[in-house]
Amino acid sequence: MPHNTRIIILFCGLLLMGCTSSPINLKLAEKALKDKPDSALIFLQRIPLKTLSKDNRALYGILLFQALDKTNQTLQPDSVINFSVNYYLQTSKNRELAISFYYKARLYKKAQQFDKATGLYLKALDIFQNTDEYYFLGKIYSDLGDICSLQKDYIESLSKYKIALTCFKNADDTLQASYKLIDIGR
């Protein structure tokens, strides 16, 4: 009988360790996202979605899309970001909701569904206005500038790019600021 008890205790311990490793990988991915998005993507791809709570699954969607975006990979599957949007609509986590809107809008932009993309960008802007989320503000204005440029509204496009440039300067992101100078020059 003591032998069976040891096996049960060992099994329960391994089960509990497996359940807690997913949130740890989420935290590791979140920390690695800024400087090492490739590593963040590896951490995220190791997490089985079925083991995550709803809150962690919504966070997973945001982190996955950020890592994919920063490594210039295709943003998919859309079901992951849709879950995040729907979850954060029911919570008071406005920052995460705005980020979810942003990445959902990026999907629409890439699919050239500019009306839907613009609507979601504006929702994200409403949340981010009067915050210090300069990086995301810059990305949103940059994407809105791209949409205006594609629709041959060059005056509005220039205006959006200038706002994006200011946001990236405030975020101390010199690379993105340089890209906006190039867009303005174009």
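## The overall picture

Of the chain's 186 residues, 42% count as buried. Keep in mind that this is a predicted model. As for secondary structure, you'll find nine helices and zero strands, so reading along the sequence gives the pattern α-α-α-α-α-α-α-α-α.

Now take the contacts in the chain with a separation of 6 or more: residues 24 or more positions apart account for 49% of them.

In soluble globular proteins, nonpolar side chains tend to be buried together. Here, the largest nonpolar core has 50 residues, and the ones with the most contacts inside it are Leu-44, Tyr-60, Tyr-103, Tyr-121 and Ile-140. Helices H1 (2–32), H2 (37–45), H3 (54–70), H4 (78–89), H5 (94–110), H6 (114–128), H7 (134–150) and H8 (154–170) each supply at least two residues of this core. The largest share, nine residues, comes from H3.

Let's zoom in on Tyr-60. Not counting residues up to four places away in sequence, Tyr-60 touches Leu-26, Leu-44, Ile-47, Leu-49, Leu-52 and Val-80.

## A buried asparagine

Helix H3 is also where you'll find Asn-56. Is Asn-56 buried or exposed? Its relative accessibility is 18%, and buried means under 20%, so Asn-56 counts as buried.

Which residues does Asn-56 contact, leaving aside its neighbours within four places in sequence? They are Pro-23 and Leu-26. Pro-23 sits 33 residues from Asn-56 along the chain, yet the C-alpha atoms of the two are separated by 7.0 Å.

## How H7 and H8 pack

Now for a pair of helices. The axes of H7 and H8 come within 8 Å and cross at roughly 165 degrees. Angles over 145 degrees count as roughly antiparallel, so that is how H7 and H8 are arranged relative to each other. H7 passes H8 in a left-handed crossing.

Who makes the contact? On the H7 side, the residues include Tyr-134, Tyr-135, Leu-137, Gly-138, Tyr-141, Leu-144 and Cys-148. On the H8 side, among them are Tyr-154, Lys-160, Tyr-161, Ile-163, Ala-164, Cys-167 and Phe-168.

Key:
Residues are numbered from 1 along each chain as its sequence is written. This is a predicted model: local features need pLDDT of at least 70, side-chain atom pairs count only at pLDDT 80 or more; totals for chains, interfaces and linings use all residues. Side-chain values use heavy atoms; hydrogens and water are left out. A nonpolar core is a set of buried Ala, Val, Leu, Ile, Met, Phe, Trp, Tyr and Cys residues joined through side-chain atoms within 4.5 Å. Buried means under 20% relative accessible area, exposed over 50%, partly exposed in between (1.4 Å probe, protein chains only). Helices (H or I, at least four residues) and strands (E, at least two) are DSSP runs, numbered from the N terminus. Contact means heavy atoms within 4.5 Å. Axes are lines fitted to C-alpha atoms, for helices over the stretch in contact, and angles run from 0 to 180 degrees between N-to-C directions. Angles under 35 degrees count as roughly parallel, over 145 as roughly antiparallel, 65 to 115 as roughly perpendicular and the rest as oblique. A crossing is left-handed if the near helix is turned anticlockwise from the far one by less than a right angle, and right-handed if clockwise.
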